[in-house]
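Dear colleague,

Please find the structure below, followed by a summary of what was found in it.

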Amino acid sequence: MRSSEGVSLGTCGIRTARTTEDGAWTDGTPFDDWQLAPSAQDAARVVRSIVDRPDAPQSLGVAYRSPEERADIAAALSEEYVSDVHLIDETGAALEYLRPGLPTHHRTIALFDAGATGVDIDIVDVESGRSYGSMRTTAMSGMTFDAVVREHILGLGIVRAPQSADEDSALTAFCRGIKEALSSHRTASTPDGEHVLLERHIFELSIARSTEQAAAAVRQLGLEAEFYPDAVVAIGGTANVPLVRATLERFLQLPVIVPDRPEQVIAGGAAIHATRVDAAHVPPLVSHRPALTRLGMIALPIAGVIATIGLFTALGTSNESQPMSTPASVGETIRQTTTPPATTTPTSTSAPPTTSAPPPPPPTTSAPPTAAEPAPYVQYQPHYYPPAPAPAPTVPLPQIPGVQMPVIPLPVLPRLPF
């Protein structure tokens with residue numbers, strides 16, 4: 001299997017997911033910036049850093065959220081001189097990742113992408129990827145959950161209020177860690193275990209209202225769509241909160257699927273898409289023949305053209321200077337192969353030509369034949385009966401005048417290293 005890496009552009013960070021040649025998924029380098037939303041240029045720089053690594057993957061895919069963002073990412077990749085990166089929308093990337101593991105009877109699903117600033121809901125057909133309706137709600141978000149934990153921690157007086165931007169960022173990261181710990185534990189405490197920071201049931205009571213509003217938005221969109229979903233698939237980092245799954249099941253009465261590591265679904269789908277596209281692409285054939293063989297492949301056609309022109313030239317010259325032979329004269333011509341060629345001043349013969357016969361050929365300088373020996377050549381008969389014509393008419397060769405071929409100087413070849 002080809003190694004590939006996918007990149008997803010979130011509101012508060014960039015995520016990467018990589019699949020190795022044995023099919024295992026690994027985390028890519030985190031590119032989280034909670035102070036400023038990443039831009040298309042940031043995504044292009046991340047791709048550039050992935051390409052420059054010694055263990056660069058064979059395929060690269062990037063997921064985008066809108067057509068405008070796609071154009072911005074493509075332009076930014078061109079500025080970074082990065083090519084062969086496959087772009088795919090977030091919904092298509094999620095389906096690329098989820099489609100192999102979904103049951104066959106789930107033909108229409110509701111994608112519940114719970115991110116840092118809100119929830120993107122999309123009713124889609126699993127097979128074709130067609131969207132039957134989409135919406136976005138900010139009633140529930142990862143930042144809202146972080147703010148709940150923050151208020152609780154500050155209310156306990158465990159930490160003081162931040163006095164600078166760096167302290168505020170550190171406190172936000174600390175509260176996010178508590179929220180993620182409550183996804184798999186009942187309580188979150190200090191590392192020494194002496195102080196309980198937050199319990200899950202208190203946290204769930206604080207976020208219950210916003211979670212129910214998000215579930216109600218999914219139900220309303222499903223009723224307005226052309227097809228009501230068969231299941232709900234919750235992805236995104238906030239989908240790890242157990243209350244989110246329980247609220248969706250209670251409000252929608254549908255099976256709710258939360259894949260392992262839901263925050264990596266879109267990035268992983270972009271990697272799968274890039275692998276599939278590159279696997280279907282057939283690379284061009286590259287010749288590995290020696291240089292001398294390639295030179296012969298170039299010179300042979302040129303020599304063939306020159307030989308063809310010379311052949312037609314010889315045929316045209318011979319047709320103009322030699323008469324047509326009759327079947328009886330063929331044998332005589334063979335016997336006269338030792339006769340010297342004719343001189344430039346031919347002599348006339350004693351046999352007068354008839355009025356209906358063609359002009360006689362140029363005579364030779366050989367002695368006149370005696371009565372006991374046959375004539376050195378056969379005189380043209382006044383009436384010549386050719387053999388039966390062939391079924392298909394033959395096309396006579398064109399009379400090509402003689403052409404003086406130019407002398408083509410061959411290039412001086414370098415000395416071969418052997």
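Two strands pair if DSSP finds at least two bridges between them, and strands (E, at least two residues) and helices (H or I, at least four residues) are DSSP runs numbered from the N terminus. This is a predicted model, in which local features need pLDDT of at least 70 and side-chain atom pairs count only at pLDDT 80 or more, whereas totals for chains, interfaces and linings use all residues. Residues are numbered from 1 along each chain as its sequence is written, and side-chain values use heavy atoms, with hydrogens and water left out.

Asp 120 stands opposite Arg 136 in β9. Strands β8 and β9 run antiparallel and are joined by 6 bridges. Both belong to an open sheet of 5 strands with mixed pairing, in the order β9-β8-β7-β12-β13. Its edge strands, β9 (131–137) and β13 (256–257), each pair on one side only.

Not counting residues up to four places away in sequence, Val 232 touches (heavy atoms within 4.5 Å) Ala 110, Phe 112, Leu 248, Leu 252, Leu 254, Pro 255, Val 256 and Ile 257.

Yours sincerely
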